[in-house]
Amino acid sequence: MKLISLRNSIALALFSVAIGVSAKPLVVCTEASPEGFDIVQYTTAVTADASAETILERLVAFTPGTTDTVPGLAESWEISPDGLTYVFRLRHGVKFQTIDSFKPSRDMNADDVLWSFRRQLDPKHPWHDKSLTGFPYFESMDFNNLLKSVDKIDDYTVKFTLSRPESPFLRDLAMPFTSIYSAEYADQLLKSGKTAELNSKPVGTGPFILTRYAKDAQVRYKANPDYWKGVVPSEVLVFAITLDNNTRLQKLKANECQVALYPKPDDIDSIRKDPNLKLDEMEAMMISYVAMNTSHKYLSDVRVRQAINLAFDKQAYIKALFGEGKATAGVGPYPPTMLGYDTSIKNPTRDLAKARALLKEAGVPEGQVFTLFARNGGAVTNPNPLLGAQMLQSDLAQVGIKVDIRVLEWGEMLKRAKNGEHDMVFAGWAGDNGDPDNFVTPNLSCAAAQNGENYARWCNKAFEEAITAARANTDPAERAELYKQAQQVFNQEQPWISLAYPKLFTAMRKNVEGYHINPLTNNNFTTTGVK
Amino acid sequence: MLSFIARRVGLLIPTFFGITLLTFALIRLIPGDPVEVMMGERRVDPEMHAQAMERLGLNKPLYAQYIDYVGKLAHGDLGESLRTRESVWSEFTSLFPATLELSIAALIFAGILGLLAGVIAALKRGSLFDHGVMGISLAGYSMPIFWWGLVLIMFFSVSLGWTPVSGRIDLLYDIPPRTGFMLIDTLLSDDQGAFLDALHHLILPAIVLGTIPLAVIARMTRSSMLEVLREDYVRTARAKGLSPARVVFVHGLRNALIPVLTVFGLQVGTLLAGAVLTETIFSWPGIGKWLIEAIGARDYPVVQNGILLIACLVILVNFVVDILYGLANPRIRHQR
């Protein structure tokens, strides 16, 4: 049985006393509007920040700024030796938020946990078909097959039965799609025929209560007076929706917001120099890569993939797209901060002669054309896709490969890449739960190769065996060893050009305290205040 | 006049159906569907995908989907957003006032300054002022909006601190949306300072959005005025000994306004469609950004009906301009 840690709540209480409760609103310049507030219907980080990190909570929580799990709405848990049963003991005295249209009559209990999971799991549940597009995260994490049942033992004890051992399961339960909702509120909405209000007038146990949402303008919250961890430092939290990152920075400089998310890599140095601003930075759990379609002629030959890796000037790419110190060169399939990262594997030195020789050996004719897909518009994992594509094109031209760049709108690129229409594609991945499985299974497993999400369409027996065994194993040391084996295979086979592990930055005013940048890219302001 | 109006109304009906067909077809021509885009790079279970498509009614043949769409339209049902689950009408009515407010402010700015600059430039033809106005308006017309907006923000908002960087009002004010027009809502609220603050927030976005229309109106007014001032009736008015102001504004500008009015009407469409960049730079919650995001998300009901609503407005504005034009110029309304 794992023991409870009250570290979180004590730290929060001490923090509140230390900086005092601020009546001044904490204004955060965010990058987009949330799609809604019923997080289980959505997958985007911005929606998770606006709902799961403010209004809702989960059985398990991440310690701020890390991917270490600590008790959340569950005080403790027991895992059966076969890894198939998890019993959670719920925290007593946790109150759901009171809003204009709902006043809870009881504390959070097992019924709420059951409702939150069964709604997504059970097709006969009255709320199951209320989500028109289903439960995308739940389904993409294969929870509909993983969860055999969720049962109530008593009012404060819940049992989860799994269909297979799943080592990252506890971490999964700290993710937004496992948030706990009020069954009582849901019943009230169902009876009154106002089910859509679960998405627009959310109720949770979290530190902030939604007070107003104006699409593309602002999301306003007030502190939850009944929050079980005590009072939070900011009485009012406002997300000022500011799509353009240049404008976010100017607003921060003018003190129209105190925190600005996702500054451009180009602006980092100027933020560092500004006496009124400061930066929080972290090696994020993100990777950017180019997947090479191993089901295509020539690229199915490992020598061709090795040659492409040898010809590409990774350092120049990082310098041009991210700038010095804003990303590190990618080596394997996941970033170095995660379990089992193999430090013995290094990037090969750029060698055009060797690359040419390998291509010749593989019979690739001079001037062979490969199509390269890149999305229009940048993202954190790839700030300038076209520039990156042009750099790869220029490097490969030096070894006799012509690259046909196709810049596509994101949705179209996803569709075509999943169909395997590309030879190479720029892609990126941000981790969800801090577990290596969350990188390798969705992007490199054989199942993903079959359904197209593994853009390299690479299915390797040795790699598959290692990651499957690691997923089922609960011993961290053994898992680390298995992931090292997998990385060795990856390094020999080179289905990707691992481009970069981008750093994550958040800019803020000097008087902001208690913000923890998060390696999983979510943003939580429970402990943040303005001095 | 009535037959003139009837002819114009008759043209509206096929235009309306053309738009429904075009938006319906175009959004479906783009690869990817709402469920796939929502899942992004994540795994899409084929069975779950099929169920979701069925719930959304997107598994039906295209013609059936179109009939459903037009049938709902006939009942005044614009459907709901696939992403936010909000009704398209309520999203439109919550965002459109912001775009309209900004567009009106931009048009007032462009109209007043453009007319004034154009008239003076025409009167002082060949002078330094004339060359200056024409040069500036050419620069204004060619100005990249994004760059222009950021330059103004950096200078007026960050360096001088005269105007706010972005948004419709300081976030310290929590103004309940009654009409959606911030200037009206702030007047209705008890907070005295809120109206001035909202007005303050409107200045830079209105200047940025109004820059291109200003240039167009100034150039059009100048050339139209020059033409009119050469007319015999203007010479006659002058010969009659009328005051220069009366000659210019009553005899000259009134007649010169006809082409300017047309351009003004066309600018309304340009403003509504082109506000997206200004809205992005100034975090202005309008319909431009809403539509762009909806296209990215393959939010079919929002794209179809959002564009339809805007098109209807543009058609309406042009219709009104047509009528005004007909009223102002009898030769036009009698043309067959």
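I keep in mind throughout that the model is predicted.

**Entry 1: chain A overall.** I counted 19 helices and 20 strands in chain A. I then asked what radius of gyration chain A has beside that of a compact globule. For 531 residues the globule would come out near 24 Å, and chain A has 24 Å, so the two agree. The C-alpha trace spans about 75 × 55 × 40 Å along its principal axes, and buried residues make up 53% of the 531 in the chain.

**Entry 2: two helices of chain A.** I next looked at helix H12 (residues 314-321) and helix H14 (residues 385-397) of chain A, whose axes come within 10 Å and cross at roughly 155°. Angles over 145 degrees count as roughly antiparallel, and H12(A) and H14(A) are therefore roughly antiparallel to each other. I noted the crossing of H12(A) and H14(A) as right-handed. On the H12(A) side the contact is made by A:Ala316, A:Tyr317, A:Ala320 and A:Leu321, while H14(A) brings A:Leu387, A:Gly388 and A:Met391. Sorted by class, this contact of H12(A) with H14(A) has six nonpolar residues, one polar residue and no charged ones.

**Entry 3: where chain B touches chain A.** I found that 48 residues from chain B and 46 residues from chain A take part in the contact. Elements giving two or more residues to the chain B side include H2, helix H5 (88-123) and helix H11 (244-281) of chain B. Which element gives the largest share of that side? H2(B) does, with six residues. By class, the chain B side divides into 24 nonpolar, 11 polar and 13 charged residues.

**Entry 4: one loop residue.** Lastly I looked up B:Pro31, which lies in the loop between helix H1 (2-29) and helix H2 (34-39) of chain B. Setting aside its neighbours within four places in sequence, I listed A:Glu412, A:Lys415 and A:Arg416 as the residues in contact with B:Pro31. I also noted that the C-alpha atoms of B:Pro31 and B:Arg298 are separated by 9.3 Å, although these residues are 267 apart along the chain.

Notes: Residues are numbered from 1 along each chain as its sequence is written. Chains are lettered from A and ligands numbered from 1 in the order in which they are written. This is a predicted model: local features need pLDDT of at least 70, side-chain atom pairs count only at pLDDT 80 or more; totals for chains, interfaces and linings use all residues. Helices (H or I, at least four residues) and strands (E, at least two) are DSSP runs, numbered from the N terminus. The radius of gyration is taken over C-alpha atoms; the globule rule is 2.2 Å times the number of residues to the power 0.38. A residue is buried if 20 or more other C-beta atoms lie within 10 Å of its own, exposed if 12 or fewer, and partly exposed in between; C-beta atoms are placed from the backbone. Axes are lines fitted to C-alpha atoms, for helices over the stretch in contact, and angles run from 0 to 180 degrees between N-to-C directions. Angles under 35 degrees count as roughly parallel, over 145 as roughly antiparallel, 65 to 115 as roughly perpendicular and the rest as oblique. A crossing is left-handed if the near helix is turned anticlockwise from the far one by less than a right angle, and right-handed if clockwise. Two residues are in contact if their C-beta atoms, placed from the backbone, lie within 7 Å. Ala, Val, Leu, Ile, Met, Phe, Trp, Tyr, Cys and Pro count as nonpolar, Asp, Glu, Lys and Arg as charged, and the others, Gly among them, as polar.
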